[in-house]
Amino acid sequence: MASPAAVENLPPPLNSSAEQPPLFDGTTKLYTCYTCPFAQRVWITRNYKGLQDKIKLVPLNLQDRPAWYKEKVYPMNKVPALEHNGKIIGESLDLVKYVDSNFEGPSLFPEDPEKKKFGKELWSYVDEFIKIVFTSFKGEGPKECGPAFDHLESALGKFEDGPFFLGQFSGVDIAYIPFVERFQIFLSEAFKYDITAGRPKLAAWIEEMNKIDAYKQTKTDPKELVEFYNKRFTAQQ
């Protein structure tokens, strides 16, 4: 069995009083936030491909973000953003593919035509999945988002050569896991709803994901998450 990867010593987040790291100095940087699920996708990709020494993390405090980030780095003022080869690239799903194509390490997208096709379908469904579940937090929760988790359960049964969406671990798993991680915690806490009940494949997938070091090291603190989501959703009701 492979020995677990060394836990990375993470740099502290930069706030509004922090100095800007040099821009376009030849270092590839991932501007991120440790608690953002979109940024987490690219962080997992970097880790899985073994690029810890090639792509430097520049974490930001999004509640108190530095003005230089919007002014000089990324006018969209969102994370993630990647500084590479003299340019800044954004959007998490685009970046998962970009890092996969432009850096060494195991490929995250299978060549098999059937898996490719199904992967594209799941890739296009992920935004809808996220929207359905987030919307349900402001309404009746489980009743509204149950079908979205059923969709994942059914998708996980498509290939039998492994417990992941495309059988083997791929970029599709990376697209979903940061959100499933958060949804599982919050639905359990706020609605006493277990997303894995009656969904054995989803339960097995989460269990297998939790064995992957590249992902494990990026997981968010459940207590902080519940606090954040409570503020964000229940305050509006």
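Helices here are DSSP runs of H or I with at least four residues, and strands are runs of E with at least two, numbered from the N terminus. This is a predicted model, in which local features need pLDDT of at least 70, side-chain atom pairs count only at pLDDT 80 or more, and totals for chains, interfaces and linings use all residues. Residues are numbered from 1 along each chain as its sequence is written, and side-chain values use heavy atoms, leaving out hydrogens and water.

**View 1. Helix α1 and the glycine just after it.** Just past the end of α1, Gly 50 takes a positive phi of about 70°. The helix itself has twelve residues and spans 16 Å from first C-alpha to last, close to the 16 Å expected at 1.5 Å a residue (the expected span being 1.5 Å times one less than the number of residues).

View 2. Ten of the twelve α1 residues are buried, that is, under 20% relative accessible area, with exposed being over 50% and partly exposed in between (1.4 Å probe, protein chains only). Among them are Pro 37, Arg 41, Trp 43 and Arg 46. On the other side of these contacts (heavy atoms within 4.5 Å) sit β1 (28-32), β2 (55-59), α3, α4, α6 and α8 (213-216).

**View 3. The largest pocket.** A pocket is an open set of points on a 1 Å grid over the protein atoms alone, where a 1.4 Å probe fits, with protein on both sides within 12 Å along at least five of seven lines; lining residues have an atom within 4 Å of a point. The largest one holds about 880 Å³ of space, the volume being that filled by probe spheres set on the points, which are joined across faces, edges and corners. Of its 34 lining residues, Thr 35, Cys 36, Pro 37, Leu 62 and Phe 228 lie nearest the centre. Two or more lining residues come from each of α1 (37-48), α3 (92-102), α4 (113-137), α6 (171-191) and α9 (222-233), and α9 gives the most, with seven.

**View 4. Two phenylalanine pairs.** The structure holds 27 aromatic pairs; rings of Phe, Tyr and Trp (its six-membered ring) pair if their centres lie within 6.5 Å, with planes under 30 degrees apart stacked, over 60 edge-to-face and the rest tilted. Phe 129 and Phe 149 make an edge-to-face pair, 5.4 Å centre to centre with 90° between the planes. Phe 129 belongs to α4 and Phe 149 to α5 (residues 142-155), so the pair ties together parts 20 residues apart in sequence. Both are buried. Phe 164 and Phe 169 have ring centres 5.7 Å apart and planes at 80°, so this pair is edge-to-face too.
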